[in-house]
There are 2 protein chains.
Amino acid sequence: MATESKTEIIRRSILDVTRKLLVEKGINNISTRMIARQVGCSVGLIYFHFKSKDELTHTLIEEGFDMLVERQESAEKAHENPVERLAALSRAYLNFALENPEYYEIMFMLKPERMARYPAEKYRKARRSVEVVARTLKDCAKENLMVVEDPYLNAHISWSFMHGVITLIQAQRIDKRIANDTMIEAAIEQIIRMHLHPAADNPI
Amino acid sequence: MATESKTEIIRRSILDVTRKLLVEKGINNISTRMIARQVGCSVGLIYFHFKSKDELTHTLIEEGFDMLVERQESAEKAHENPVERLAALSRAYLNFALENPEYYEIMFMLKPERMARYPAEKYRKARRSVEVVARTLKDCAKENLMVVEDPYLNAHISWSFMHGVITLIQAQRIDKRIANDTMIEAAIEQIIRMHLHPAADNPI
DNA sequence: CAAAAAATTGAACACTGTTCAATGGTTTTT
DNA sequence: AAAAACCATTGAACAGTGTTCAATTTTTTG
């Protein structure tokens, strides 16, 4: 194992503490002072290693996308049938979000002013999350299992759908008579349904 | 018109300024001091009329739901055909959100800790927004135009879908090669499609 | 007019992200 | 080894946040 210099250790320690606090309290309930206190250093030192709280957050955002994409790509490989693959992909996304709400928040719910500084090259990894869905939709269309005019657009549509379900669940806005599981399962079903061939006698 | 007492005038003035600042800057970029400065009073006075910034926000949230529900109910009345009505309802919701992003933010994007204090009786008006969709879905099913097992659940599903599209658009997370209009139209189409009768030969 | 009540102020508290001159500690250069 | 350069670190400060509260003014009531 590569020996870490004292500086690297402190940098890692700042990240470790921030990650821990993030998961415990969410990004908006942690401060640079809290991090410094728990690391055992001054606030100034955090700003020596990271140029802002946002940059600290961005590092964790990247971690989050690594986790998500890993889950999605493993789901992708696990299913031959592209329709099943689409369902598995959706489930992977939704489960990741439910299990890691604080990561999900920094990855997908930060306002543009905080994300504007997010390094452009890192967006690529973020985009892979949508591309894996687009690929699968393309496969579904190719095998004539679904109607998909524009896979990339429809991937964004599916993504939006899931994002909406997740954010409303996490904001506790769904009527409590509807269980979270019910919402999740219904969402997956409708993501499939909306791409199926419609019956001929539908009123368009 | 009822003559307003000085106290009522100041209360209204605080609300007017807050509304104006909300629309200009969004809830997270306005402070009680900014409001006080623009009203021409001290911060303390704001806390005499409203017990917190959240209570001030809640008043505007109610305004927002009045606007939204009005739009939805007028769209509801405008269409005999329930499928067309569903499309019109969706369009009303989406347009409201796009035209009033700051209202939408306080209505649907505030975290539970701020909404927890939101008075329970006011939630009723908020719920009407989902109930009008549920009614329409029920009508679609009754006339055998759509397959809707549980209208209330499916109304939540449609709502989540729209909420996801709106929030991702407003957070500027959609690939810029996809126009906002394209997303909106695709979403409305899919809300209809996902409820249609599927063709018999679909791989479920 | 005096007393009670309501409305209003301004200072304070405990936070927030961020900056920066001053410091101590290592290396590197002479 | 001494001097210079560099890196890492601190603590105080700045300007901002939501909120509280004793003191004060203004208005209403008896």
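Which helices of chain A and chain B each supply at least two residues of the lining of the largest pocket? From chain A they are α1 (6-25), α6, α7 (112-115) and α9 (151-170). From chain B they are α6 (101-108), α7 (112-115) and α9 (151-170). The model is predicted. Chain A holds 10 helices and 0 strands.

**Chain A**
- Read along the sequence, the pattern of chain A is α-α-α-α-α-α-α-α-α-α.
- There are 0 strands in this chain, against 10 helices.
- The C-alpha trace of chain A spans about 70 × 40 × 30 Å along its principal axes.

**Two copies**
- The same surface serves both copies, since 96% of the contact residues of chain A recur in chain B.

**Helices α5 and α6 of chain A**
- Two packed helices are described by the angle between their axes and the distance between the axes.
- Helix α5 covers residues 82-99 of chain A, and helix α6 covers residues 101-108 of chain A.
- Their axes come within 5 Å and cross at roughly 110 degrees.
- Angles of 65 to 115 degrees count as roughly perpendicular, so α5(A) and α6(A) are roughly perpendicular to each other.
- From α5(A), the contact is made by A:Y93, A:F96, A:A97, A:L98 and A:E99.
- From α6(A), the contact is made by A:P101, A:Y103, A:Y104, A:M107 and A:F108.
- By class, the residues of this contact of α5(A) with α6(A) are 9 nonpolar, no polar and 1 charged.

**The largest pocket**
- The largest pocket holds about 870 Å³ of space.
- Of the 34 residues that line the pocket, the closest to its centre are A:N28, A:E105, A:M109, B:M109 and B:K111.
- Helix α6(A) gives the largest share of the lining, 4 residues.
- The lining of the largest pocket divides into 12 nonpolar, 11 polar and 11 charged residues.

**The cavity**
- The structure holds 1 cavity of 30 Å³ or more.
- About 50 Å³ of space lies in the largest cavity.
- From chain A, the largest cavity is lined by A:R193, A:L196, A:H197 and A:P198.
- From chain B, the lining residues are B:R193, B:L196, B:H197 and B:P198.
- The lining of the largest cavity has 4 nonpolar, 2 polar and 2 charged residues.

Note on methods: Residues are numbered from 1 along each chain as its sequence is written. Chains are lettered from A and ligands numbered from 1 in the order in which they are written. This is a predicted model: local features need pLDDT of at least 70, side-chain atom pairs count only at pLDDT 80 or more; totals for chains, interfaces and linings use all residues. Side-chain values use heavy atoms; hydrogens and water are left out. Axes are lines fitted to C-alpha atoms, for helices over the stretch in contact, and angles run from 0 to 180 degrees between N-to-C directions. Angles under 35 degrees count as roughly parallel, over 145 as roughly antiparallel, 65 to 115 as roughly perpendicular and the rest as oblique. Contact means heavy atoms within 4.5 Å. Ala, Val, Leu, Ile, Met, Phe, Trp, Tyr, Cys and Pro count as nonpolar, Asp, Glu, Lys and Arg as charged, and the others, Gly among them, as polar. On a 1 Å grid over the protein atoms alone, a cavity is a set of points where a 1.4 Å probe fits but cannot get out, and a pocket is an open set with protein on both sides within 12 Å along at least five of seven lines; lining residues have an atom within 4 Å of a point. Grid points are joined across faces, edges and corners, and a volume is the space filled by probe spheres set on the points.
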